[in-house]
Structures are given as C-alpha cells and as structure tokens.
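Hi,

Here is the structure I promised to pass on.

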Amino acid sequence: MMRIKNGLVIDPANGIKRQADVLVKDGKIERILDRDNGDSINNECDVIDAAGCIVAPGLVDVHVHFRDPGFTHKEDIETGAKAALKGGFTSVVLMANTKPAVDNEETLRYVLEKGGKTDLNIYTCATVTKGMAGKELTDMETLLKKGAAGFTDDGIPIMDAGLMEQAMAKAAALNVPISLHEENPEYITNNGVNCGKASAHFGIGGSPREAEISLIRRDLEIALKTGAILNIQHISTKEGVALVRQAKKRAAEMGKSNIHAEVTPHHFSLTEEAVIRFGTLAKMNPPLREEADRQAVVEGLRDGTIDIIATDHAPHSAEEKNKPLTEAPSGIIGLETALSLGITNLVDKGCLSLEALICAMSANPAAMYGLPAGTLSEGSAADIVIFDASASQTVGNFASKSANSPFTGQELSGVVKYTIVGGKVVYSSANAI
C-alpha cells in the first residue's frame, strides 16, 4: 500500500482539484482522501510526501517514435521507455513507421512483447497501408484483434482520396482512431523548413502552409462523411486550426465527437526563427511556422479545438543531424521536455490553466484511443505523475539515446519528481543519474 500525501491533486477527468492524499493498493487507486481522514493507516503505507507538488494522472503520449525495429541506433524500446518515464509519461502509443513497418502480425507482436518488458505502458499503431506505400490497405481488423491501438501511416501522407475514404470507413466500422500526417508532397520542395522567412534565409524552397491545409481540408470532409475517429497530427497552421474548429462544430451538429487534433510542444513554443538559429535541430515535419500560427495553435488549445498535446518524439543520431540542412532528417526528441514546455510556455504565461494542460496530456489522448489511463478514478490503474510546477531545470542529460533538441541548455519550469506505473515507483528524480 502507498500513500501520496500533502499534494495538490488534479484529475481533470473527474473534475478534481484539491489538497488531498492518494491511497494506492494492489497497483490501483484505492481512494482520494481529505487530509484529515485516514491518518491511522499511515504506518501501514509506503509514504511519498508530495508537499508543494502536483499529483496528477500519468501523462499519455499518442504520437511517439521509438525506432524499434530497424533504426535502434536512434532509439529503442528500452531507452524510449526510460525517456518517457523521466518525462512523467506512463502510457505511450508508438507510430508504425519502423523497418519493417508494423503492417503485419509478426512485427506487431515483436513491438508489444518487447514493450511489455518495460515499466511503461506501451501501445502501438499499425499502418493504414501495406508498406506505407499508400496503395493497399492492411488487414486492419486482424491487426486490431492482435493488439494494434489504432492506425497511421505517420511520416507519409496518404494521397489517394478514394483509398483514404475506404480506410476511414473501415476505421469507423472498427471504432478505432486513424491518425494522419497531413503534408501534400506536391507542394514541397525541401521539407522540414517553412516556406517563408526560414526558407528564404537558407535559399531553399521549403514547405508551404498549403501542403498541410489542403490535406486537412480533404480528410476532415471524409471523416465527417464516414464518422471515423480522426486525429489530425501535429497541426501547425492557423488555417488548419480554423478548419478543425469548423469541422468539430459540424460534427457536434450531427451529434458526433469524432474529430480530434494534436499539437506538439515545439509548435506551441517555437516559430521558424528557431530554424534560423538552431538549423537541423529545429527541422521537423510539418515545419515550425510563423508567430501567427503559433498563437493560433495556442488559442486552439485554449478553446478546445486542439484537444491533445503529443510530442512526436523523433530521435535521430548526432551524425544524422550534423548533415546539411536539406539532407538531415526532420524531427526532435520531446518526451523529457513536454511537460516543462507546457508549464513554461502555456501555464506560466497565462495561456492555459494547469488543469487544461494536464487534461490535454492525459485524459483526452487516453479517451480518444480508449486506453485505461488518464484518470485517478477509484479502481483505475495507479499510473501517476508527481511534479513541482514551480521548480526549474536546465534541459539536458537525456535518458533518450538521442539528444536532438533545440531546447538543450534552456531553463524551463516544471520538474517531474516521481513517475508511478501500476502503483510502482519507476522514476524518481532523487535517483536519476
């Protein structure tokens, strides 16, 4: 039995925000106690003093790359799990663009079995199309039965509108999320850099906003038609946010709530100016855009248009990121900085309440994927993060195998003190190297 005492308990799924103690028994939430109740059981418990800290549901990230199998020089399931736990995450959903891709039962089994040996709750998507080639659908029904959490060809947009409609119709019939990377390559000369000030600075073509807008517009219409649970991944443009807002309104008028959108911490924290300053360390797909776009995604979080914060944790080796800008791969790591960036750039600046931040990083993503996570309800798994929102840390000393982050060396608010999975302390800052 464990008692987490003296903390401010925030559980958005149950509307809880109060000073209280959390009692854990047999790996589950036993009770949330007022401070003046249950003191007689203190001697029977392992006690964690959370004074000055927030006690919240473990964070849930539904957009993560652990590069395993196929690219384990960047990251593997074990090191990715350690990075997630250090960041306060207790559940993650992996993307399927491994090598081989998760488009078959064997690779799906490999990922889930290896993930099951870690302290993290690891789920994975399977691909929408075979080989992520955008030509033929996978056996979605069988892959779902074998444990796939959802479907995505993340990294490669699906250009065939007819095939996209077939995929969404199937996803709707299976009642499973389909998550889409929305960048039309026909518009893009050099990906990873916004077509604008940044591309002009480097003298390259860049990725224009219309590459994202066009596919978001198309796929929202298909989702409204089919009723599929659609997640627009890593949204980056103000126009994209507006389209999602309109689609959510239309869905609500039809009595549906099947439209979702996620934003990354780097897209609500940075603009294309970061690419000019940090080069390949700030190169990503979709690219960092203009200040008006950053403000739009923040407003989207504030009004609920964007309901999920996801890291798109994308590890790459130093050798790969040291290549010229047009040759280096896109993406940055994010699991160990996500919560701090949310506190620093959203909560501390008055853009979002702490409850709303926690909701977007726990309850909402868990609900979209139907995961047993994101809540401190009695009887639920004791997956908990304890963090000090007022403490600060210097970014670095990553648990990830990679260190490709433009935030290295920055001072951010918010320090994870403990991560607890199934009632077991699996990360403690006091014991971190």
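H234 sits in the loop between β11 (230-232) and α7 (238-253); helices (H or I, at least four residues) and strands (E, at least two) are DSSP runs here, numbered from the N terminus. Its phi is positive, about 25 degrees, although H234 is not a glycine. With a relative accessible area of 2%, H234 is buried (buried means under 20% relative accessible area, exposed over 50%, partly exposed in between, with a 1.4 Å probe and protein chains only).

N175 is another non-glycine residue with a positive phi, near 55 degrees. You'll find N175 in the loop between α4 and β10 (178-180), and at 59% relative accessibility it counts as exposed.

Before you go further: this is a predicted model, in which local features need pLDDT of at least 70 and side-chain atom pairs count only at pLDDT 80 or more, while totals for chains, interfaces and linings use all residues. Residues are numbered from 1 along each chain as its sequence is written, and side-chain values use heavy atoms, with hydrogens and water left out.

On confidence, pLDDT is the predictor's own score for each residue, from 0 to 100. The protein has a mean of 97, and 98% of its residues reach 70 or more. Strand β7 (residues 89-94) has the highest confidence, at 99, and β4 the lowest, at a mean of 96.

Two peptide bonds are worth a look. The one from D68 to P69 is cis, with omega near 15 degrees, and P69 belongs to the loop between β6 (59-64) and α1 (77-86). N285 and P286 are also joined by a cis peptide bond, with omega about -10 degrees; P286 is in the loop between α9 (273-278) and α10. As background, most residues other than glycine have a negative phi, and most peptide bonds are trans.

Now the salt bridges, meaning a side-chain nitrogen of Lys or Arg within 4 Å of a carboxyl oxygen of Asp or Glu. Searching the whole structure turns up 23 of them. Here are some to click on:

- D293 and R209 meet through their side chains at 2.3 Å, N to O. Since D293 lies in helix α10 (residues 291-303) and R209 in helix α6, the pair ties together parts that are 84 residues apart in sequence. D293 is buried, with a relative accessible area of 1%.
- K225 and E165 form a salt bridge at 2.8 Å, N to O. K225 is in helix α6 (residues 209-226) and E165 in helix α4 (residues 161-174), so this pair ties together parts 60 residues apart in sequence. K225 is exposed, at a relative accessible area of 61%, whereas E165 is partly exposed at 29%.
- D34 pairs with R18, and their closest N and O atoms are 3.2 Å apart. D34 is in the loop between β3 (28-33) and β4 (46-49), R18 is in strand β2 (residues 16-25), and the two are 16 residues apart. Both count as partly exposed: D34 at 34% relative accessibility and R18 at 33%.
- D68, E78 and K114 are linked in a network of salt bridges. D68 is the residue whose peptide bond to P69 is cis.

Last stop, helix α12 (residues 338-347): nine of its 10 residues are buried, so the helix is largely enclosed by the rest of the structure. Those buried residues are A338, L339, S340, L341, G342, I343, T344, N345 and L346.

Cheers
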